[in-house]
Amino acid sequence: MGRMRVTDTVAEQARKGWDRRDFLGGAALLAMALGIPAAAVKLSRLDPHEAPTARQLQVLREVSQLVIPSTDTPGAGDVGVAEFVALALAHGLEGSRARVDASQNPGLAAFRRSDHSLDHAGWLQHELNRRGGADFLTLDQPARAATLAALDAEAFAEGVREHPWRRIKGLILTGYYTSEVGGSQELRFELVPGRWGPDLPLAPGS
């Protein structure tokens, strides 16, 4: 379970109050309630007007892999989490179909859907391109990681409550840890000190 994410060091997690065990429990409950594990997600179930472009989907894959990279187990981009995120965004998970107030968020106005909710995939592609100074997918790996890390730091800065990246990142984590790899290989519980003994001898004075 010693996986390190490019956008979350242990110190940052502590500062944000982000506890992995708490999150994993919530993700499992959410998956059971919704009945859509990442392994079962098919983009063909999306309305064509809701589906991301091929380029946007590739950005979601690259970003997912940066959030949860491969180690001894596949990363989030490897196991289809981008497809899960696309479907989840289309169906409003994490409040992703809430109306965007253009007067309060002028920078988001260009990415509103017909129902005034945010096109998160379009926004993410544009934002990463803007921050990276070039097409995000043409950047080398260190530049991609640095660009995403800067966006992550802004989204989780003290006092920030609403930010599109927070929703996207939450769905990446949910998608990964409800996938077969995330659920069966990453979420292993190893009892410390390694076994449980119901009856142990207790000597006087011990």
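Student: At roughly what angle do the axes of α3 and α5 cross?

Tutor: The model is predicted: local features need pLDDT of at least 70, side-chain atom pairs count only at pLDDT 80 or more, and totals for chains, interfaces and linings use all residues. Two packed helices are described by the angle between their axes and the distance between the axes. Axes are lines fitted to C-alpha atoms, for helices over the stretch in contact, with angles from 0 to 180 degrees between N-to-C directions. The axes of α3 and α5 come within 9 Å, and their crossing angle is roughly 70°.

Student: How many nonpolar residues belong to the contact of α3 with α5?

Tutor: Contact means heavy atoms within 4.5 Å. Arg55, Gln56, Val59, Leu60 and Val63 of α3 meet Ala121, Gly122, Leu124, Gln125 and Leu128 of α5. Ala, Val, Leu, Ile, Met, Phe, Trp, Tyr, Cys and Pro count as nonpolar, Asp, Glu, Lys and Arg as charged, and the others, Gly among them, as polar. The contact has 3 polar residues and 1 charged residue, and its nonpolar residues number 6.

Student: How far apart are the end C-alpha atoms of α5?

Tutor: Helices (H or I, at least four residues) and strands (E, at least two) are DSSP runs, numbered from the N terminus. The expected span of a helix is 1.5 Å times one less than its number of residues. The 13 residues of α5 (residues 120-132) should therefore span 18 Å, and this agrees with the separation of its end C-alpha atoms, 18 Å.

Student: Which helices are included in what covers the buried residues of α5?

Tutor: Buried means under 20% relative accessible area, exposed over 50%, and partly exposed in between (1.4 Å probe, protein chains only). The buried residues of α5 are His120, Ala121, Gly122, Trp123, Leu124, Gln125, Glu127 and Leu128. Their cover includes α3 (54-67), α4 (81-90), α6 (141-155) and α7 (164-177).

Student: Which residues of α7 make the contact with α5?

Tutor: The axes of α5 and α7 come within 11 Å and cross at roughly 110°, so α5 is roughly perpendicular to α7. On the α5 side, the contact is made by His120, Trp123 and Leu124, and on the α7 side by Pro164, Trp165, Arg167 and Ile168.

Student: How many of the 14 residues of α7 are buried?

Tutor: Residues are numbered from 1 along each chain as its sequence is written, and side-chain values use heavy atoms, with hydrogens and water left out. In the whole chain of 206 residues, 41% are buried. Helix α7 is mostly covered, its count of buried residues being 13.

Student: What is the relative accessible area of Phe136?

Tutor: Phe136 lies in the loop between α5 and α6. It touches residues including Val59, Val63, Leu66 and Leu128. Phe136 counts as buried because its relative accessible area is 0%.

Student: Is Glu94 buried or partly exposed?

Tutor: Glu94 lies in the loop between α4 and α5. Although it is not a glycine, Glu94 has a positive phi of about 60°. Its relative accessible area is 40%, so Glu94 is partly exposed.

Methods: Parallel < 35°, antiparallel > 145°, perpendicular 65-115°, else oblique. Lists of a residue's contacts leave out its neighbours within four places in sequence.
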